[in-house]
Structure formats: C-alpha cells, structure tokens
Amino acid sequence: QVQLVESGGGLVQDGGSLRLSCAASGRTFSNYAMGWFRQAPGKEREFVAAIHRRGNIRLYGDSVKGRFTISRDNAANTVYLQMTSLNSDDTAVYFCAQGDYSSRSTDYDVWGQGTQVTVSS
C-alpha cells in the first residue's frame with residue numbers, strides 16, 4: 001500500500017519558520033518526483049513546490065519563491081519543506097504528493113492526508 005504521511009505542521013507566529021516532513025512508503029521513493037501543495041479555506045488547492053526524483057531540479061510557486069525550500073532524502077524516503085518568513089497568507093493545510101515532476105496536481109497520483117499550518121499575526 002502506497003502511503004504518504006506528513007508531519008511538522010502547527011501554529012507559528014508571523015515571520016517565523018517551520019519545517020514539514022513527508023514520509024513515503026509502498027513503492028520505490030527515488031522513482032518519483034515529490035510535490036507540496038496547500039489549500040486554504042474557501043480557496044483552490046495551490047502548488048507550492050516540487051522536486052525531481054533525483055533531487056537536482058526544483059520548482060516553486062510564485063508566492064513562496066525565496067522563502068520556502070524543498071528537499072528530499074532518498075535514503076530516508078522523505079521529502080521536506082522548509083518554510084521561512086511565514087505570514088498569514090501561508091495559513092493552509094499542506095499536502096505532499098508523489099508522481100511526475102510538475103506543478104499540476106493532476107500529475108500526482110498519491111497524496112498524503114495533509115497537515116495544518118497556521119500563522120498568527
């Protein structure tokens with residue numbers, strides 16, 4: 001059974017930092033790109049970041065460029081999202097996903113359950 005489990009979400013103050021993790025299991029991790037998406041209440045799911053299966057190419061959404069960093073550890077079957085300079089617009093449920101290297105949610109076929117990130121001002 002293919003499974004993604006996110007962790008690391010929580011409440012953080014405006015301007016703070018947080019690191020999300022996503023542990024994968026069930027198929028060969030290094031064969032797939034990994035992505036992070038987020039969804040705020042009443043809004044559509046938004047692309048945050050993606051990393052190529054080899055870890056040498058990264059893609060970011062415009063709203064997080066320069067503030068968020070995606071990385072992966074293929075030996076640990078884990079992808080990370082380091083978030084800095086957080087603001088209230090970053091408040092959302094964050095999902096990790098596994099699939100083809102892309103900013104489109106439809107290119108990912110496995111999704112985690114999500115982790116809540118709340119930024120307080």
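Mentor: This is a predicted model. Start with Gln 98, which lies in strand 9, residues 92-99.

Trainee: Is Gln 98 buried or exposed?

Mentor: Buried means under 20% relative accessible area. Gln 98 has a relative accessible area of 1%, so Gln 98 is buried.

Trainee: Which side chain joins that of Gln 98 in a polar contact?

Mentor: That of Arg 27, at 2.7 Å. Leaving aside residues up to four places away in sequence, Gln 98 also touches others, including Val 2, Leu 4, Phe 29, Met 34 and Tyr 108.

Trainee: How many aromatic pairs does a search of the whole structure find?

Mentor: Four. One of them joins Phe 37 and Phe 47, with 5.6 Å centre to centre and 70° between the planes. Planes over 60 degrees apart count as edge-to-face, and this pair is edge-to-face. Phe 37 is in strand 4 (residues 33-39) and Phe 47 in strand 5 (residues 46-51), so the pair ties together parts ten residues apart in sequence. Both residues are buried.

Trainee: Why is the pair of Phe 37 and Tyr 108 edge-to-face?

Mentor: Because their planes are at 75°, with the ring centres 5.4 Å apart. Tyr 108 lies in strand 10 (residues 108-111) and Phe 37 in strand 4, so this pair ties together parts 71 residues apart in sequence. Phe 37 and Tyr 108 are both buried.

Trainee: Which residues do ring pairs link into a cluster?

Mentor: Phe 37, Phe 47, Tyr 108 and Trp 111. The charged end of Arg 45 sits over the ring of Trp 111, 4.7 Å from its centre. That charged end also sits over the ring of Phe 95, 4.1 Å from the ring's centre.

Methods. Residues are numbered from 1 along each chain as its sequence is written. This is a predicted model: local features need pLDDT of at least 70, side-chain atom pairs count only at pLDDT 80 or more; totals for chains, interfaces and linings use all residues. Side-chain values use heavy atoms; hydrogens and water are left out. Helices (H or I, at least four residues) and strands (E, at least two) are DSSP runs, numbered from the N terminus. Buried means under 20% relative accessible area, exposed over 50%, partly exposed in between (1.4 Å probe, protein chains only). A polar contact is a pair of N or O atoms within 3.5 Å; within protein, one must be able to donate a hydrogen and the other to accept it, and residues adjacent in sequence count only if both atoms are side-chain atoms. Contact means heavy atoms within 4.5 Å. Rings of Phe, Tyr and Trp (its six-membered ring) pair if their centres lie within 6.5 Å; planes under 30 degrees apart count as stacked, over 60 as edge-to-face and the rest as tilted. A charge sits over a ring if NZ of Lys or CZ of Arg is within 6 Å of the ring centre and within 35 degrees of the ring normal.
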